[in-house]
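Here's a quick tour of the chain you have on screen.

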Amino acid sequence: MSSLSYLDSGVDITKGNALIEQIKPIAKSTTRPGVLAGLGGFSAMFELPIFKYKNPVLISGTDGVGTKLKVAQMLNKHDTIGIDLVAMCVNDLIVQGAEPLFFLDYYATGKLNTKLATSVIYGIGEGCKQSGCALIGGETAEMPGLYQGEEYDLAGFCVGIADKDKIIDGTKVTKGNHIIALASSGPHSNGYSLVRKVLAQSDPTDAQLNALIEPTKIYVKSVLSLIEKFSVHAISHITGGGLLENIPRVLPENLSAKLDIDSWQLPSIFQFLQDNGNIDMMEMYRVFNCGIGMVIIVPAEQSSNAIQHLNELDEHAWLVGEITNNQGTQVII
């Protein structure tokens, strides 16, 4: 009987080690104050900047990018999907006013392609730089039999920090507050099972395919700047569940968000999806962000200046609605 090796089972340890060496410079490029060690150890260390906070609270989040991975694989474009991964995590953290500190990733595949994996992790590094957090560790798992060939899946994990007295939880939202919208860069990373269903029965142009792979917008620096200067009562990241299911997550039960659908035009990529899938508009609002990646609720008297501040930071922000008494549904469109 011949002697078996791990390589015979489909796991290439040498490739795994080579990948670590290739991604070390990527991780190093994201270093920020607090990082105490580089990649390669059994765990990562981060020194908390507690001197900046009266009552520091750690806020964590984990997410993936769903079947947008299938679109990336279909187009053989892997260098931006990592931005999506970071965005989905850090945008969740800033909903509560947290500054992202560090990020870890999980990359699972059936057969490790180091060039492809490095491209994906390059995007993760870019997302970390955009959000100001450090890539301090991760896991690469080669699992033949569980995934087909070089197919891969991603998960991300992020930890941020906020002052306990300044956590944004929606409890300050009151009738008459204004709702500010921040434009999305496209479908972001949600609704892609429906997107792929539409693609299977349509003939998209290259421009439309590129719009579907456009990375999720990272709002961290703009929103943290807004929080420093204005009274922010609530923030909602418009992810899975669209406008209809995410806005209620930050509202008191007795209040509703009344949105003015005439305040923005449905971006063309969403119009393409609706037209080619014959999707009901309310289903669009329940599945997709429909051009709004985040909503921010502020006092009415501050909304104009807040919008101006966000637009000066290169966001596309506008007044999209106001808070009213609950009229049986928490999002009125």
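## A charged pair

E99 and R32 form a salt bridge, with their closest N and O atoms 3.0 Å apart. (A salt bridge here is a side-chain nitrogen of Lys or Arg within 4 Å of a carboxyl oxygen of Asp or Glu.) The pair ties together distant parts of the chain: E99 sits in strand β2, while R32 is in the loop between α1 (13-28) and β1 (56-63), 67 residues apart. By this rule, the count comes to nine salt bridges.

## What you're looking at

This is a predicted model, where local features need pLDDT of at least 70 and side-chain atom pairs count only at pLDDT 80 or more, though totals for chains, interfaces and linings use all residues. Residues are numbered from 1 along each chain as its sequence is written, and side-chain values use heavy atoms, with hydrogens and water left out.

## Overall build

The chain has 11 helices and 10 strands; these are DSSP runs, numbered from the N terminus, with at least four residues for helices (H or I) and at least two for strands (E). Its C-alpha trace spans about 75 × 55 × 35 Å along the principal axes.

The domain assignment gives domain 1 (6-163) and domain 2 (177-325), with bounds from an automatic or database assignment. Their contact takes 29 residues from domain 1 and 27 residues from domain 2, contact meaning heavy atoms within 4.5 Å. The C-alpha centres of the two domains lie 25 Å apart.

So what about salt bridges between domain 1 and domain 2: how many are there? The count is zero. On the side of domain 1 that touches domain 2, α2 (68-75), α3 (81-94), β2 (99-109) and α4 (114-131) each supply at least two residues. Of these, α3 gives the most, with nine residues.
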